[in-house]
Amino acid sequence: MNASPRVPPAAEPPAGERAGSAEHGAGLAEPRSVQAVFFDIGETLINEGEIYGRWADWLGVPRHTFLTKLGALLATGGDHGDLFEYFRPGFDLEEEQRRREEAGVPNGFGPDDLYPDARACLSGLRDQGLFVGIAGNQPVQAAEQMAELALDADVVGISDVWGVSKPSHEFFERCAQLADVLPDRVLYVGDRVDNDVRPALEFGMRAAFLRRGPWGNIQRDDEALGECLFVLDDLAGLPSLVAEHNAGRALGPAAP
């Protein structure tokens, strides 16, 4: 992975700024230009608040209690699977999804769950001639749900369709292959340090951390955030940040 400017580990970059701007010009190698941008799905493009709310309703748990427990589990290293298990011991996700389908309240997302800044962000990046992809850990059904949103993207990747999921390096390799560019020319945008930022950086990609949703507001890793190209509170300014980065610090064609 190419070296990039960093902030001191204890510092947290202001929203919408390059991580590492405090040390710009310190003699470290400049990062290569961004040619492709891939986005995570849940809590990056899709607001999952109502999705979790519908699960709470299905399980007969007050919504605020359900979401409070989710935050507590994330803060102690748990995940959403532990959340379901806590309220329904022996919880079987596939079985419960089948039951919800039969009851007419299927799991999933639609246009109302799309974050308001998502559509314009994707279009703004494609207007720059960049390859734009969407790729996240989602069930097979999410492929159709994403297609119905008609977002401005070159490709949509669903983990259960691909047969590989994050944080596996194979997932990020698939993204780079689809964009047909070297990993260090790909920017991966996501709300999770463990599933998005760390594995993308380890694979040699650039990373942008989005501080929204439960994971984005609870997970902390100053070292990983210091390696990010951008740390964001929303997607609205990302197209201009990428354009500025490419205009001012591009190094030309990647080495063979």
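Modeller: Let us begin with a term: a contact means heavy atoms within 4.5 Å. The model here is predicted. In it, what covers the buried residues of H1 includes helix H2 (63-75), H3, H4 and helix H10 (213-218).

Colleague: Which residues of H1 are buried?

Modeller: As a general idea, an α-helix has 3.6 residues a turn, so residues three or four places apart point the same way. In H1, the buried residues are Ile51, Tyr52, Gly53, Trp55, Ala56 and Leu59. Just after H1, glycine 60 has a positive phi of about 75°.

Colleague: How many residues does the largest nonpolar core have, and which have the most contacts inside it?

Modeller: The largest nonpolar core has 45 residues, and Phe39, Leu45, Leu187 and Leu238 have the most contacts inside it. Helix H1 (residues 49-59) gives the most to this core, namely five residues. A second, separate core has 17 residues, among them Val164, Phe171, Val186 and Tyr188.

Colleague: What does leucine 238 touch, leaving aside residues up to four places away in sequence?

Modeller: With those residues not counted, leucine 238 touches Phe39, Cys121, Leu125, Leu187, Val189, Phe230 and Leu232.

Colleague: How should I read the largest pocket?

Modeller: Rolling a probe the size of a water molecule over the atoms shows where empty space is left. Here the largest pocket holds about 1100 Å³ of space. It is lined by 38 residues, of which His80, Leu93, Asn137, Gln138 and Pro139 are the closest to its centre. The elements giving two or more residues to the lining are H1, helix H3 (80-87), helix H4 (93-103), helix H6 (141-149) and helix H7 (159-162). H4 provides the largest share, five residues. By type, the lining divides into 14 nonpolar, 13 polar and eleven charged residues.

Colleague: Is aspartate 40 buried or exposed?

Modeller: Aspartate 40 counts as buried because its relative accessibility is 6%, and the cut-off for buried is under 20%. This residue lies in the loop between strand S2 (36-39) and H1. Its side chain makes a polar contact of 3.2 Å with the side chain of threonine 44. Not counting residues up to four places away in sequence, aspartate 40 touches several others, including Lys166, Tyr188 and Asp196.

Colleague: Which backbone angles deserve attention?

Modeller: Most residues other than glycine have a negative phi, and most peptide bonds are trans. Glutamate 43, however, has a positive phi near 65°. Glutamate 43 is in the loop between S2 and H1, and is buried, with a relative accessible area of 4%. Alanine 150 also has a positive phi, near 50°. It is found in the loop between H6 and strand S4 (155-158) and counts as exposed at 55% relative accessibility. Proline 167 is in the loop between H7 and helix H8 (169-179).

Colleague: Where is alanine 236, and how far is it in space from aspartate 117?

Modeller: Alanine 236 is in the loop between strand S7 (230-232) and helix H12 (238-249). Alanine 236 and aspartate 117 are 119 residues apart in sequence, and 5.5 Å apart in space, C-alpha to C-alpha.

Conventions:
Residues are numbered from 1 along each chain as its sequence is written. This is a predicted model: local features need pLDDT of at least 70, side-chain atom pairs count only at pLDDT 80 or more; totals for chains, interfaces and linings use all residues. Side-chain values use heavy atoms; hydrogens and water are left out. A nonpolar core is a set of buried Ala, Val, Leu, Ile, Met, Phe, Trp, Tyr and Cys residues joined through side-chain atoms within 4.5 Å. Buried means under 20% relative accessible area, exposed over 50%, partly exposed in between (1.4 Å probe, protein chains only). Helices (H or I, at least four residues) and strands (E, at least two) are DSSP runs, numbered from the N terminus. On a 1 Å grid over the protein atoms alone, a cavity is a set of points where a 1.4 Å probe fits but cannot get out, and a pocket is an open set with protein on both sides within 12 Å along at least five of seven lines; lining residues have an atom within 4 Å of a point. Grid points are joined across faces, edges and corners, and a volume is the space filled by probe spheres set on the points. Ala, Val, Leu, Ile, Met, Phe, Trp, Tyr, Cys and Pro count as nonpolar, Asp, Glu, Lys and Arg as charged, and the others, Gly among them, as polar. A polar contact is a pair of N or O atoms within 3.5 Å; within protein, one must be able to donate a hydrogen and the other to accept it, and residues adjacent in sequence count only if both atoms are side-chain atoms.
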